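I opened my notebook to look up a few features of one protein model, taking them one at a time.

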Amino acid sequence: MNQDNTTGADSGTKVNDAITQALAKKESAGEIQGMAELYTSLRQRPLHIKAYPLDDPSITTTAGANVKTIHFVRHGQGFHNLMADLFTAEGKVWEPFVKSPDNPYVMPEVMDSPLTQKGR
């Protein structure tokens with residue numbers, strides 16, 4: 001089946017994807033600066049990391065050791081992300097991490113947001 005990428009649902013998806021990517025770049029700028037500061041501070045003290053699967057039988061005992069279990073999780077697009085994309089497409093600007101009516105991430109309607117079809 002041939003799909004025209006300039007009209008219909010496909011063009012809407014492409015526009016939404018472009019808006020999502022632009023918003024992610026904008027929002028990550030502050031986080032990148034914070035990571036640079038964290039990196040600088042962590043370089044001042046030694047840190048040793050050993051990673052093992054939780055079910056690895058060859059792991060020696062960790063009793064008395066300073067051990068952390070870290071779970072890496074990637075989430076899909078939620079309705080709060082879609083709302084941010086729509087706000088951005090409309091030219092709206094908001095202050096990140098500030099509770100205000102202009103911030104799509106703190107709207108009561110999307111708190112504990114379900115995943116969109118794209119995010120599933």
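Before placing any residue, I noted that helices here are DSSP runs of H or I with at least four residues, numbered from the N terminus. I also wrote down that this is a predicted model, so every value below is computed from that prediction.

**Entry 1: a loop residue.** With the helix labels settled, I looked up Gln 77 and found it in the loop between α1 and α2. Is Gln 77 buried or exposed? The cut-off for buried is under 20% relative accessible area, and Gln 77, at 12% relative accessibility, therefore counts as buried. I then listed its contacts, leaving aside neighbours within four places in sequence, and found Asn 16, Thr 20, Leu 82, Asp 85, Leu 115, Thr 116, Lys 118 and Gly 119. With one of these, Thr 116, the side chain of Gln 77 makes a polar contact of 2.8 Å.

**Entry 2: charged pairs.** I reminded myself that side chains of opposite charge can pair when their charged atoms come close. How many salt bridges does a search of the whole structure find? The search finds one. Its partners are Lys 118 and Asp 17, whose closest N and O atoms are 2.2 Å apart. Because Lys 118 lies in the segment after α2 while Asp 17 belongs to helix α1, the pair ties together parts that are 101 residues apart in sequence. I checked the accessibility of both partners as well: Lys 118 has 47% and counts as partly exposed, and Asp 17, with 32%, also counts as partly exposed.

**Entry 3: the largest pocket.** I looked up the largest pocket next and noted a volume of about 890 Å³. Its lining is made of 21 residues, and those nearest the centre are Ile 49, Lys 50, Ala 51, Val 67 and Lys 68. Sorted by class, this lining holds 11 nonpolar, eight polar and two charged residues.

**Entry 4: the second largest pocket.** For the second largest pocket I wrote down a volume of about 570 Å³. This pocket is lined by 21 residues, with Ala 24, Glu 27, His 75, Asn 81 and Tyr 105 nearest its centre. Which helix gives the most to this lining? Both α1 (8-42) and α2 (79-89) supply at least two residues, but α1 gives the most, with seven. By class, I counted seven nonpolar, nine polar and five charged residues in the lining of the second largest pocket.

How values were computed
Residues numbered from 1 in each chain as written. Predicted model: local features only at pLDDT ≥ 70, side-chain atom pairs only at ≥ 80, totals over all residues. Heavy atoms only, no water. 1 Å grid on protein atoms, 1.4 Å probe; cavity = no way out; pocket = protein on both sides within 12 Å on 5 of 7 lines; lining within 4 Å. Points joined across faces, edges and corners; volume = space filled by probe spheres on them. Nonpolar A, V, L, I, M, F, W, Y, C, P; charged D, E, K, R; others polar. Salt bridge = Lys/Arg side-chain N within 4 Å of Asp/Glu carboxyl O. Buried < 20%, exposed > 50% of the residue type's maximum accessible area, 1.4 Å probe, protein only. Polar contact = N/O pair within 3.5 Å; in protein donor to acceptor, adjacent residues only side chain to side chain. Contact = heavy atoms within 4.5 Å.
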